[in-house]
Amino acid sequence: MRTTASIVLCLLLSSLLLPMMPVSANLVDAGQTEQINEKVVAWEQMSDGKILMVTGSGILSVNTFEAGTHTEVWSLDLNVTANSATIDAGENLVAVAHNSGAVIVQMTQQIITQYLNTSNIVDAVDWDNDGDIWLGYYAGQRRADEWAEGAPTGIASSAHTGGMKTMLITPLGDILTGGFDNRVKITSNSGTLLQQLTDMSSAVNIIELDSNGRLLVGTAGGDLFRYNLTDYSYEMISLSSNPQIVYLQQMDFATYHIGTQSGEIIEVDTTTFTEGTTYDTSGKVKGSLKGSNGEIYIISGFTSSTRVHLFDIDTDGDGVTDALDAFPSDPSETTDSDGDGVGDNTDEFPNIADESVDSDGDGVGDNSDMFPDNSDQTIDSDGDGYGDNSEGQDGDAYPLDASQWSDSDRDGYGDNPEGTTPDGCPSINGFSVEDRYGCPDGDLDGYSDPDENWTSVQGADALPSDGTQWSDGDGDGYGDNALGTDPDKCPTTAGNSTRAWLPDPENPQQNTELPSHGCEDKDGDGWADASESNGMDSIKGEYLDIDRDGVGANSDYNDDDARVQTEQDHCNLDFTDVREVCLGWRTPAYVTYVADQIAANETPMAFSSWNSSDSTETSTSGEWYESDAMTDALVYGGIIFGGMTVVIIIVGMVMSRRKEATVSKEYGGALPSSAAMSEALEGTAGSSATGGVESDSLWDDDVKPLDMEENEETVIESEPTEEVKGDEELFTGDESIESIASMGAEPEPVTEEAAPAAQEAPAEAPPLPASGLPDGWTMDQWKWYGHEYLAKYGDQ
């Protein structure tokens, strides 16, 4: 789609050249300046003055155009039978319509970027303002179809009865088509027919926009219309001899060129819209161009060829018009190819200024040839003695670097080890650039792969398979680049961690799991030791210990309470939890039953099932005080207890002679009653709530105290007692067992002491045993006497 802006740009360039034209110059038929032995289907001057040309055989080329002759700049064989071509507004893409579809060519790279294949002949092609392509079918469909992303969209213009002959897309994106039905149809790019222009009396051959955005319509009957596309008002002239109009182009701000089927160019004034001079040639007009001196070139096509015809002035009469004559006043010279002021007829080097001799026949004059005897070389840009032609004799692979000239492995790094960027591996093609140049770099991070002569110690890639890492200072397999893959968080200390428990970057008040590679991880669980709770760095699978009880959060039943590590701990502490599982943990017989079942590789019953079955009698050994061990303890303990009773009586007699203050200290601030003394002797201290003794404190052997309760069903209820004193407090260092038992000298007098204050209840109960609260005990009793139970029987 050629926009109005593009047309205006061309006209501005033309207007700059108009002041140079001779005011009174008369154009004469200078004849044909060039013949192209192919039919040209598209010919257009671009904004840089070059000519875009497409032939019927599918050759697309860009050419300079001087003195009526094309000189090819580049060309591309499309291998199609071309029908027309359109260049986009930016002169970056060319769309070529052909018998099997269309091809899109990228001008800068000179390559085909897209093929659009159809089953019908495509006669015209253009872009809309969305960048979608419209293909025009003159026969068959007789309309234009929209294509996007290589396929038709299903949107099409309105068809023409009898066939379509021309197509144009406006800068607004409207599709204008003309045809044999004497109409111009205007369709939106969504396929909606917006307007039909029906003022023509013959087929519409060609439509074009002028620099003001007005629509020019040329007909087969020689009528020329100019429409205002805002309100569709129009002007019309009928050209002399009623020729078929096949070409429309605005040459400058004053003139339209109207081309005909029979080779004429008729000038029409843009202001008065009236017919002017006619320049007559032959063939079908394909294009025209006005030169800098006012000369006019007409390009006309024939069945198998195309000709360029010139209308110009010939001042020196040498048969070459002034536009073609480099020496318009010298009939002996017409051309100066090298612009050195010497005509080509006398210049031995017509294409090179100031040259006349070429000793080595390389086409470069000796004045310019730095190697006049070497036909392969002419220039040595860096002055190292090697020619810039790298493929020739004495060629320089680095023509701009005097320190390098050869590159054996052709990787772009020179072989000279003393030169610029020397190749560290001159015989192996490679592209490393950081530690050394030109060596293999498998992960393309710039650091070369290590080899037997160059290791990571010298700078080679410590991680040659990872393009984001290259250095590993501690050798633990994690790279030092903090922005790379799995960066080493402890780059100076080897480690195998992969994660850490650290403050959350998005919420620093809370910790979260974050990647942390390469730090010390003694237990191998992936957690960096420094981020783990105290003691968790040596326990695999644990990293957090909130209650600091030495048991990790993953194993700890309640990691917020240091007293609780297991479900059993929880159940024996929280008596508000009456779930079945807790009831089971609080029942020693059930705990024993479960242990027995597990030991026997059997599945134990749930507590409720066990509790309601006969298993309570058959699967347990009874209460702790019904065991054989307990029976033995009672027998032997009774014997020992009898002997001890005698000693205690003797001690009591001795102590009775002590002052009341000492007695008060031992029994809680009051004289013991006979009941309290009996409790002490019987091992039931505190049941009368008036004091007690810790009978164990008088023994240093390993025999555990015995519970002398006779009725196992009796519930022990007691009040708080005074703290029981040990034997270190009962006796002074000067006393002997003989004096205490009245078996020797008289006892030493006891110093009077102030009576101690009444004992306060313990702050908290001792921890329950694993089997739970012993049967028959209350928590209040356990709070006062649980430590004695634990001392006697342990955590059972």
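A contact here means heavy atoms within 4.5 Å. With that in hand, here are some notes for a first look. This is a predicted model, where local features need pLDDT of at least 70, side-chain atom pairs count only at pLDDT 80 or more, and totals for chains, interfaces and linings use all residues. Residues are numbered from 1 along each chain as its sequence is written, and side-chain values use heavy atoms, with hydrogens and water left out.

1. Let's start with S531. Leaving out residues up to four places away in sequence, S531 touches A500, W501 and L502. S531 sits in the loop between β30 (507–515) and α2 (567–573); helices (H or I, at least four residues) and strands (E, at least two) are DSSP runs, numbered from the N terminus. S531 has a relative accessible area of 13% and is therefore buried. For that label, buried means under 20% relative accessible area, exposed over 50%, and partly exposed in between, with a 1.4 Å probe and protein chains only.

2. What does the side chain of S531 reach at 2.9 Å? The backbone oxygen of A528. A polar atom of the S531 side chain also lies 3.0 Å from the backbone nitrogen of W501. The cut-off for a polar contact is a pair of N or O atoms within 3.5 Å; within protein, one must be able to donate a hydrogen and the other to accept it, and residues adjacent in sequence count only if both atoms are side-chain atoms.

3. On to the disulfides (pairs of cysteine sulfur atoms within 2.5 Å). The structure has three of them, and with bonded cysteines counted along the chain the pattern is 1-2, 3-4, 5-6.

4. C425 and C439 are joined by a disulfide, S to S 2.0 Å. The link of C425 and C439 is right-handed, with 100 degrees about the S-S bond. Both C425 and C439 lie in the loop between β28 (306–312) and β29 (499–504), so the pair ties together parts that are 14 residues apart in sequence. C425 counts as buried at 9% relative accessibility, and C439 counts as buried at 0%.

5. Next come C490 and C519, whose sulfur atoms are 2.0 Å apart in a disulfide. The torsion about their S-S bond is about 90 degrees, so this disulfide is right-handed. The pair links distant parts of the chain, 29 residues apart: C490 is in the loop between β28 and β29, and C519 is in the loop between β30 and α2. Are these two cysteines buried or exposed? C490 counts as partly exposed at 24% relative accessibility, while C519 counts as buried at 7%.

6. The disulfide of C571 and C582 has its sulfur atoms 2.1 Å apart. Its torsion about the S-S bond is about -65 degrees, so the disulfide is left-handed. C571 is in helix α2 and C582 in helix α3 (residues 580–585), so the pair ties together parts 11 residues apart in sequence. C571 counts as buried at 0% relative accessibility, and C582 counts as buried at 0% too.

7. For the aromatics, rings of Phe, Tyr and Trp (its six-membered ring) pair if their centres lie within 6.5 Å; planes under 30 degrees apart count as stacked, over 60 as edge-to-face and the rest as tilted. The structure holds 18 aromatic pairs. W43 and F65 have ring centres 5.9 Å apart and planes at 80 degrees, so they are edge-to-face. This pair links distant parts of the chain, 22 residues apart, with W43 in strand β2 (residues 40–45) and F65 in strand β4 (residues 59–66). W43 and F65 are both buried. Elsewhere, one aromatic cluster is formed by Y590, Y593, F607 and W610.

8. Now the nonpolar cores: sets of buried Ala, Val, Leu, Ile, Met, Phe, Trp, Tyr and Cys residues joined through side-chain atoms within 4.5 Å. The largest has 19 residues, and those with the most contacts inside it are L52, V54, L60, L78, V94, V96 and M107. Elements giving two or more residues to this core are β2, β3 (51–55), β4, β5 (69–77), β6 (82–87), β7 (93–98) and β8 (101–106). Its largest share, three residues, comes from β6.
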